[in-house]
Amino acid sequence: MIAIDTVPERMNMAKAAGANVLDFMKEDVYERIQDLTSGRGADACIDAVGTEPHTTASLDSVIDRVKVATFMGTDRPHVLRQAIHCCRNFGTVSIVGVYGGFLDKIPMGSAINRGLTFRMAQTPVQHYLPKLLKRIEDGQIDPSFVVTDRASLADGPDLYKKFRDRQDGCIKVVMKPEA
Amino acid sequence: MKALCWHGKSDMRYETVPDPKIQDPRDAIIKVTACAICGSDLHIYNGVIPGMEGGDVIGHETMGEVVEVGSANKKLKVGDRVVVPFTISCGECFFCQRGYFSGCERSNPDAAKAAKLWGHSPAGLFGYSHLLGGYPGGQAEYMRVPFADIGPIKVPEHLSDEQVLFLSDIFPTGYMAAEFCDIKDGDTIAIWAVVRSGSSRSGVPSCSAPAG
């Protein structure tokens with residue numbers, strides 16, 4: 001697993017889980033993935049970012065930002081472009097990050113000529129619930145490990161800001177109405 | 001009741017809003033015991049999601065205790081402890097019958113608007129704009145759950161809220177993202193934006209987050 005991020009706390013969690021960690025602000029994502037896959041590309045690439053990537057990480061993401069700000073575009077698909085380029089021939093691009101509208105300059109030439117498969121959805125949650133609840137009950141996984149911030153609902157407005165700005169290692173916020 | 005309401009870019013407010021009421025015999029009302037902020041809520045917070053209106057209650061990772069049940073709902077009873085999926089699904093239409101619950105044809109009252117933008121409408125979602133139903137979300141003291149005989153899953157008492165809350169979105173979303181990859185031994189999987197969800201152990205990320 002190759003985990004691409006720049007938030008230190010999230011990268012540490014991925015590292016602890018055994019992933020190769022890649023900081024896109026410090027390293028060339030494409031080159032590192034090439035190195036790690038003998039130049040072939042990743043078997044599958046997961047875009048869990050969606051429409052709001054970090055805006056200064058690359059030239060194309062800066063251009064996207066300008067286009068959205070001037071109403072010339074609806075989304076900023078930098079990660080999707082990169083995922084396509086980093087995927088091996090006949091590999092899969094899995095998209096769970098949310099996009100809203102019409103995406104510009106998606107390298108379809110790369111995707112079609114190299115036989116990529118695109119899979120994406122808003123999750124049909126009900127389909128997965130019974131088996132995933134059983135995994136939690138059987139102790140195979142405890143998803144609560146991601147929680148970094150616990151607070152009352154009244155603190156919500158501050159927590160939105162803290163979460164968005166990644167302050168103090170904020171990764172996941174859980175609120176209780178009566179806390 | 002109190003709820004978190006969106007009023008524009010970077011403007012969330014903790015406000016008093018009307019208590020939810022049963023509107024359909026299949027509905028249930030839950031008293032929220034825990035709710036989370038999703039990475040995709042930050043898209044709303046940052047003002048990039050179309051179809052939002054000032055005062056909308058947001059939030060779609062929610063669980064709680066059933067406090068009221070509609071007359072036609074035979075699955076839930078008052079006192080049940082449930083996690084509520086972020087997708088609203090009727091359970092009976094073409095897509096629900098095939099397991100594509102997030103493609104439900106009947107849960108989005110804004111379907112005509114959504115179809116204009118996207119060709120066809122997906123399911124309605126909690127707290128995610130007036131393109132997707134305008135349903136008040138779960139960052140609130142109480143939430144109305146439509147089609148509550150289909151969506152909510154009862155959870156055992158011995159598991160804590162934090163252990164089961166993420167069944168609402170990010171755990172199944174991360175799981176699905178990995179399932180899409182059809183992973184075989186020795187495969188290399190690259191993931192942009194990690195550890196949103198319950199699964200570094202099974203190698204899965206989730207939901208959307210500004211990064212990359």
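## Elements and model

Helices, taken as H or I runs of at least four residues, and strands, taken as E runs of at least two, are DSSP runs numbered from the N terminus. In these terms A:Glu27 is found in the loop between E2 and H2 of chain A. The model described here is predicted.

## The surroundings of A:Glu27

A:Glu27 counts as partly exposed because it has 14 C-beta neighbours inside 10 Å, whereas a buried residue would need 20 or more and an exposed one 12 or fewer. When residues up to four places away in sequence are left out, A:Glu27 touches A:Leu22 and A:Arg32. A:Gln82 is 55 residues from A:Glu27 in sequence, and their C-alpha atoms are 14 Å apart in space.

## Helix H4 of chain A

A:Gln82 is one of the buried residues of H4(A), a helix that spans residues 78–86 and is mostly covered, with 8 of its 9 residues buried. The buried set also includes A:His78, A:Arg81 and A:Cys86. Within chain A, the buried residues of H4(A) pack against helices H2 (29–36), H3 (59–69) and H5 (108–113) and against strands E3 and E4, and their partners also include E11 of chain B.

## A sheet built from both chains

E11 of chain B also takes part in an open sheet of 6 strands, whose order is E2(A)-E1(A)-E11(B)-E3(A)-E4(A)-E5(A) and whose pairing is parallel. The edges are formed by strand E2 (20–23) and strand E5 (117–120) of chain A, each of which pairs on one side only, and from one strand to the next the twist averages 20°. Helix H1 of chain A, residues 8–16, packs on the sheet by touching strand E1 (2–5) and E2 of chain A, and its direction makes about 175° with that of E1(A).

Two of the pairings can be followed in detail. Strand E3 of chain A (residues 42–47) runs parallel to strand E11 of chain B (residues 189–192) and is joined to it by 4 bridges; in this pair A:Asp47 stands opposite B:Trp192. Strand E4 of chain A (residues 87–95) and E5(A) likewise run parallel and are joined by 4 bridges, with A:Ser94 opposite A:Arg119.

## The contact between the chains

The contact between the chains takes 73 residues from chain A and 78 residues from chain B. On the side of chain A that touches chain B, helix H6 (residues 125–137) gives the most, with 9 residues, and the residues of that side divide into 46 nonpolar, 16 polar and 11 charged.

Chain A itself is divided into domain 1 (2–120) and domain 2 (139–179), and the centres of these two domains, taken over C-alpha atoms, are separated by 26 Å.

## Chain B

Chain B has 5 helices and 11 strands. Its radius of gyration is 17 Å, close to the 17 Å that the globule rule gives for 212 residues, so chain B is as compact as a globular protein of that length. Along the principal axes, the C-alpha atoms of chain B fill a box of roughly 50 × 40 × 35 Å. Of the 212 residues in chain B, 59% are buried, and among its contacts between residues at least 6 apart in sequence, 66% join residues at least 24 apart.

E1(B) and E2(B) form a hairpin with 5 residues between them, and B:Gly8 in the turn has a positive phi of about 135°.

Notes:
Residues numbered from 1 in each chain as written. Chains lettered and ligands numbered in written order. Predicted model: local features only at pLDDT ≥ 70, side-chain atom pairs only at ≥ 80, totals over all residues. Contact = placed C-beta atoms within 7 Å. Nonpolar A, V, L, I, M, F, W, Y, C, P; charged D, E, K, R; others polar. Pairing = 2+ DSSP bridges. Axes fitted to C-alpha atoms, helices over the stretch in contact; angles between N-to-C directions. Domains from an automatic or database assignment. Rg over C-alpha atoms; globule rule 2.2 N^0.38 Å.
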